[in-house]
Amino acid sequence: MQKDIPELNWQNWMQRWDHQQNYYLPEREGRFAAMLDVLEALLPESFVALDLACGPGSISQRLLSRFQQASCIAVDIDPILLLLGQQTLGTMQGRLRWVDADISQPSWITQLGEEHVDAILSTTALHWLPASTLMDLYRQLGTLLRPGGIFLNGDHFGFAPHMPSFTRVCEHEQEHWSEEANKAGNENWEMWWEALRREPGMEALFAERERRFSGKTKPPEALVDVHLAALRDAGFHEVGVIWQRLDNRVVMAVR
Ligand SMILES: C[S@@+](CC[C@H](N)C(=O)[O-])C[C@H]1O[C@@H](n2cnc3c(N)ncnc32)[C@H](O)[C@@H]1O
């Protein structure tokens, strides 16, 4: 991480992050809450969680606010989002630890400094991984989670090609929501990144971000059945969708 931290209003950038993520996901907070409800039902009060591909720590922030005896490790590859999280959330009274790692590389797990965790949560992120990498990652998560531990992945999981009407309903809803967001003048992903790029002192961070993401392209979307099968293959016992609103789902797997 660079030594000279740009003097920005990081809190404001964090608020803008949440707003632009809502642009695509009107149910985002409901989905976070559903994931945390699972932890409340299944885990003791004190537990260790991993926020996988954390961005600026969206899950960690909500989880640590709700569960006062929990601690969290937040992992991401993006130097800017990690810095945004560190500047706004800090360590949340020593309960949040940040790890700068690429989860598509098998060595990421050695950077955690943790043999086992009780829960692993991820949102709107694992679709960045090709199916073969996802399968390897799920096997690693199977060893990292203690027996009885919980994995939760909240993301858009599209419908299979033979269900075009289901897909059309989802597209219709997304178009409607985007229109409403545009009318309200909300920022989307591209606008947020372009505005942040124009802030003073951000050049080196953007250059580093581009270096890290060069060669990484978004693969074709893995269907929910692929995720479920890969989790079973990785040794998870109970695997299924625990929450859903159209194609926005939370996959849950118990180790
Ligand atoms: C849309 S953001 C979601 C962030 C956060 N989970 C949230 O819901 O606000 C996707 C995140 O996945 C991260 N990511 C993508 N590929 C990654 C990789 N190979 N290793 C670590 N993080 C990755 C990105 O850097 C980004 O922070």
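Predicted model: local features only at pLDDT ≥ 70, side-chain atom pairs only at ≥ 80, totals over all residues.
Residues are numbered from 1 along each chain as its sequence is written, and side-chain values use heavy atoms, without hydrogens and water. Local features required a pLDDT of at least 70 and side-chain atom pairs a pLDDT of 80 or more, whereas totals for chains, interfaces and linings include all residues.

The protein contains nine helices and seven strands, assigned as DSSP runs (H or I, at least four residues, for helices; E, at least two, for strands) and numbered from the N terminus. Its radius of gyration is 18 Å, close to the 18 Å that the globule rule gives for 255 residues, so the protein is as compact as a globular protein of that length; the radius is taken over C-alpha atoms, and the rule is 2.2 Å times the number of residues to the power 0.38. Along the principal axes, the C-alpha atoms fill a box of roughly 50 × 45 × 35 Å. Buried residues (under 20% relative accessible area, 1.4 Å probe, protein chains only) make up 50% of the 255 residues.

Aromatic pairs (rings of Phe, Tyr and the six-membered ring of Trp, centres within 6.5 Å) number 10. The ring centres of W17 and W192 are 5.3 Å apart with planes at 70°, so this pair is edge-to-face (planes over 60 degrees apart). Because W17 lies in helix α1 (residues 10-24) and W192 in helix α7 (residues 189-197), the pair ties together parts 175 residues apart in sequence. Both residues are buried, W17 at 6% relative accessibility and W192 at 0%. Ring pairs link W17 and W192 into a cluster with W13, W189, W193 and F206.

Terms used. Phe/Tyr/Trp six-rings, centres within 6.5 Å; stacked < 30°, edge-to-face > 60°.
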